[in-house]
Amino acid sequence: MELNYLLNSGFLIRDEKTLLVFDDYDDPANVVNAAYDKGDFDKLYIFVTHAHFDHFSMHIRAYAQRITRYIFSSDIKHTKRVKIFPTNKITYIKRNSEWYDDTIRVWAYDSTDVGVSFLVQTASGARIFHAGDFNWWHWTDDTPENIELAEKSFKRQLKRMNGMDADVALFPVDGRLGASQEKGAIEFVAKTNIRGFVAMHRVDYPMWKPSQEFLAAKKNLPIWAPTMPGERRIFDGKKFVEG
């Protein structure tokens, strides 16, 4: 499985002849353009977890000619931006629902912000989880009531993911949360069966170095924390290696 970092929560993942693009709101290194122009793929799916500007941009309309499917969170259906997209190539998906074709199967989980998170299984059996904005958003300067609500919301949804199996999980480790940036990630890796962890949602922050508490939550878990658009890794089920 080949993983390419775009920006923020944006990634291009290649599994054999299938391309999966997640939350491509900006692509400074032109990773998706290059893959699209090269054309050595059979299927192209573009996922958007929700309508926030740093996850959804109209520029992905440029890939409509060869796209297999746009898979959008249902909140995007109500935006003006989506009107430029070909409606016959869009699938809107709600939380706690499922969609599949002859190549991939998609499960949509709830978020703790807006939209959904995605678990995708490809024809080869590879499983990728993209959290979108699902996280434990513990803002230390928030009100006690909101802090408590954020914790309950996160743990309630995580309970539905208990034991979830995935080869790679892309999950927010947002530097804006300061000392709390790992809270959600620690709980997530402890409660799920993932074989590789990718930190995202870290624009303008230095590379994340996992704490001992995180490392203890799931021992020997391969970790990749990209910072520069265009970074690329191959995941072989045991480690991330530079491609």
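In strand β9, F118 is the bridge partner of A108. The model in which this pair is found is a predicted one. The two strands concerned are β8, residues 105-110, and β9, residues 116-121, and they pair in the antiparallel sense over six bridges.

**The seven-stranded sheet**

β8 and β9 belong to an open sheet of seven strands, which run in the order β7-β8-β9-β10-β12-β14-β15. The pairing in this sheet is mixed. Its edge strands are β7 (97-100) and β15 (223-224), each of which pairs on one side only. Helix α3, residues 183-191, packs on the sheet and touches β10 (127-130), β12 (168-172) and β14 (197-200). The direction of α3 makes about 155° with that of β12.

Another part of the chain is built around β3. This strand spans residues 18-22 and is mostly covered, with five of its five residues buried. The cover extends to both faces: T18, L20 and F22 are buried on one side, and L19 and V21 are buried on the other.

β3 pairs with β2 (residues 11-15) in the antiparallel sense, over five bridges. Within this pairing, L19 of β3 is the bridge partner of R14. β2 and β3 form a hairpin with two residues between the strands, and in this hairpin E16 takes a positive phi near 55°.

β3 also pairs with β4 (residues 43-48), in the parallel sense and over five bridges. In β4, I46 stands opposite V21. To get from β3 to β4, the chain passes through helix α1 (residues 31-38), and this β-α-β crossover is right-handed.

Most residues other than glycine have a negative phi. E16 is not a glycine, yet its phi is positive, at about 55°. D23 is likewise a residue other than glycine, and its phi is near 45°. E16 is found in the loop between β2 and β3, while D23 has its place in the loop between β3 and α1.

| Residue | Relative accessible area | Class |
|---|---|---|
| E16 | 60% | exposed |
| D23 | 0% | buried |
| T79 | 16% | buried |

The classes follow from the cut-offs, because buried means under 20% relative accessible area and exposed means over 50%. E16 is therefore exposed at 60%. D23, at 0%, therefore counts as buried.

**The surroundings of T79**

T79 lies in the loop between β5 (69-73) and β6 (90-93). At a relative accessible area of 16%, T79 falls under the 20% limit and so is buried. A polar atom of the T79 side chain lies 2.8 Å from the backbone oxygen of I76. The backbone nitrogen of V82 is 3.5 Å from a polar atom of the T79 side chain. Apart from neighbours within four places in sequence, T79 is in contact with A51 and F56.

Definitions and conventions: Residues numbered from 1 in each chain as written. Predicted model: local features only at pLDDT ≥ 70, side-chain atom pairs only at ≥ 80, totals over all residues. Heavy atoms only, no water. Helix = DSSP H or I, 4+ residues; strand = E, 2+ residues; numbered from the N terminus. Buried < 20%, exposed > 50% of the residue type's maximum accessible area, 1.4 Å probe, protein only. Polar contact = N/O pair within 3.5 Å; in protein donor to acceptor, adjacent residues only side chain to side chain. Contact = heavy atoms within 4.5 Å. Pairing = 2+ DSSP bridges. Right-handed = clockwise from strand over helix to strand, strands pointing away. Axes fitted to C-alpha atoms, helices over the stretch in contact; angles between N-to-C directions.
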